[in-house]
Amino acid sequence: MKVFIALIAFVAIVLVALFVWESGVDTQPATTDESAVVAPPAPSVGMVDDARILAALENEPGSWLAHGIDFNERRFSPLTQINRGNVDELGLIWHKDLGTLHAQEATPLVVDGLIIFPSAWNIVHAMDAVTGDTRWVYDPKVDRGRIGTIWAPLSRGVAVYQGRVYVATIDGYLTAVDVATGTEVWRVDTITDRSIPYFISGAPRVGGGNIYIGNGGSEWGTRGYTTAFDAATGDLVWRFWSVPGDPSLPFEHPEMELAAETWKGGEWWKVGGGGNVWNSIVYDAELNQVYLGMGNAAPWARAIRSPGGGDNLFVASIVAVDANTGKMNWYYQQVPGDNWDFTSVQDMALVDLEVDGVMRKVIMQAPKNGFFYVVDRTNGELLRAHPFATVTWASHVDMETGRPVELEQGNYDKEAKWVLPGPMGAHNWQAMSVDPETGIVYMGTHDFAWWFKIDPNFQETGIYKWRVGQMNTGTDLETADLLEGVTSPASQGYLTAFDPLTGEVKWQNELEHFWNGGVVATAGGLVFQGEGMGNLYAYDKDTGDRLWGFDTYTSIIAPPITYAIEGTQYVAILTGSGGAETFLGKAADTATDTYGNHPQLLVFGLGGTEQLAVPTVRPDIPPLQPLLSTDRHELRRGSILYHDFCGRCHGGQAKSFGVIADLRFMDASVRDTFDQIVLEGAREQLGMGAFAEWLTEEDSKRVLGYILYRANADRDKASEAEEGTTPI
Ligand code: CA
């Protein structure tokens, strides 16, 4: 079973497309719900500036003003009212159903008594942080059909600055909204080329009068960049490209000339190059720098992307740029010539600490590749790079050169290999917390191996075929290979307390599921983390002992926050999975897999007694479906198409993870209108894009045939009926 789970998980994660229907019905309000609006807050609300964020932990420790609590992004709260001694009295005070089935990854902000966060489709909610009363709801009206062919409608957060909430939308716009009223002030398009599927899932950051935002889409053939906009006007201040573009065109800025020398052979500019800054951007007020966490190279396989070798700057790097001009001050590349989807976009914490007897201003980061980096942020000097998980692609990082020493086990140029970490990373975007007193880092980590194999078509022909709208990894992601006896090393999730200076794991808890939420640690001696299995837990930060838990009956991937208003401390978290895990199909047996997704905002306090209703368990035996075909060749073609275009959202082997419709359960109304839905976009407003650009009517029929076959095969398997249920 474990093997099967890992296989499904690993194939499904990278497959394209979004087919939302039936249970994809999204009841989230399309516009402000007037009846739910109570008195608007005072006009001075949300007047957040650099000085206020800098002094936040001292002056208003109960606020959560910026994405990582303040500019340093340590996510360590000084609050102590809820502590080791009384956390067992913690209970639910109020909760809000978010009216959507989609992923919740955001860190809420708490500013002037409001709790503000984006839900699915970047719909922003502002609520009274004590009572949960809705103050306003802002809907940026994203292009649901367009994004439906690319990525899940999720967001990791918004920013508040100078009386406005800044919302970066999944379809690539940046909007300023009045904090007091939720009305739009300005909107700019952050996308340079709308013919390429860029999207934004990350939270914008603020500082020095600017708003900073990047984008995602490496796997869809984009060329990453970060843009600074004037916070007041929305005017473009600077743009920093992550990787060089078409060599026949002039360099956009001098750093691209340096970068271009490190890309050799190949025609990467035609397929994007990647380096997308899709998560971490940190503003350093003291040094007036912005740190950009650069994404993986695209396509993943460097033999295709840059066959002549080279480091491929600035993929998988931390780049420090001047906050005013966007001019590069320094860079540190973690993975030269990235070959494994190793992003360096994971959260960066700014910490001042003693290293080898010298006080240093450092960045701490645990990127996907499995090494924990401590870098001097004044000059980019590497100070530490200890492994924090199982790493098989490199033996260590050479501290003289700052470069990883690669192992043959990581080289899949000629022969497919299992590699740890895989594209899920040893740590991903899920927030970590740094205790500034001890320097100990708390984070969710995991071992999740990946079977890397060069695109067989490329290997045969030497020609790389790719087109806009399809996945662009240069590796083989087809199901068939995964089901032909390839055995996956087991996957395992952990909550890890790690000392980045010594490399010592202070304590580590094995978790039931490998993919879990971010963390917050507090001066009350606690670490909070939500899990894929549905529980929010509190641990003793010194020992890892579990002190408290609460079952939310749905998977959690967002990070908790804690805040205090008028002397009362709260813990808040958004629940509901999706995003990357949507791809994992029914593999996980998580809370969402069992009960479906039930995204909510939950707010806890001492003495809280609210209860959540236990959801009904999802049926797992599909109805008997009318088969279109039993021809193995046709079914196989349907399977390949399904996993190329549908599996990413609807799940490997047509088994939904529980966020959106399980297609095996479709009824006649869906079967009969399948082409309209799949090809023409009949359900675009639910996020199910139109696929006529990529799929013919014949293809659509093959996909349908495969889904119906899977339904019956799984039905047979469930009743242990017959032979002939071999997965296609
Ligand atoms: Ca990637």
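Tutor: Start with a definition: buried means under 20% relative accessible area, exposed over 50%, and partly exposed in between (1.4 Å probe, protein chains only). This is a predicted model: local features need pLDDT of at least 70, side-chain atom pairs count only at pLDDT 80 or more, and totals for chains, interfaces and linings use all residues. Residues are numbered from 1 along each chain as its sequence is written, and side-chain values use heavy atoms, leaving out hydrogens and water.

Student: Why does asparagine 296 count as buried?

Tutor: Its relative accessibility is 1%, so asparagine 296 counts as buried. Aspartate 341, at 5%, is therefore buried too.

Student: What makes Glu219, Asn296 and Asp341 donors of the calcium ion?

Tutor: Donors are N, O and S atoms within 2.8 Å of the metal (3.2 Å for Na, K and Ca); water is not among the atoms, so sites may look incomplete. Here the protein donors lie 2.3 to 2.9 Å from the calcium ion. Along the chain their spacing is E-x76-N-x44-D.

Student: Why are α10 and α14 called roughly perpendicular?

Tutor: Axes are lines fitted to C-alpha atoms, for helices over the stretch in contact, and angles run from 0 to 180 degrees between N-to-C directions. Helices (H or I, at least four residues) and strands (E, at least two) are DSSP runs, numbered from the N terminus. The axes of α10 (residues 632-645) and α14 (residues 697-718) come within 8 Å and cross at roughly 100°. Angles under 35 degrees count as roughly parallel, over 145 as roughly antiparallel, 65 to 115 as roughly perpendicular and the rest as oblique. So α10 and α14 are roughly perpendicular.

Student: How do you know that β9 and β10 pair?

Tutor: Two strands pair if DSSP finds at least two bridges between them. Strand β9 (residues 173-178) and β10 have five bridges, in the antiparallel sense.
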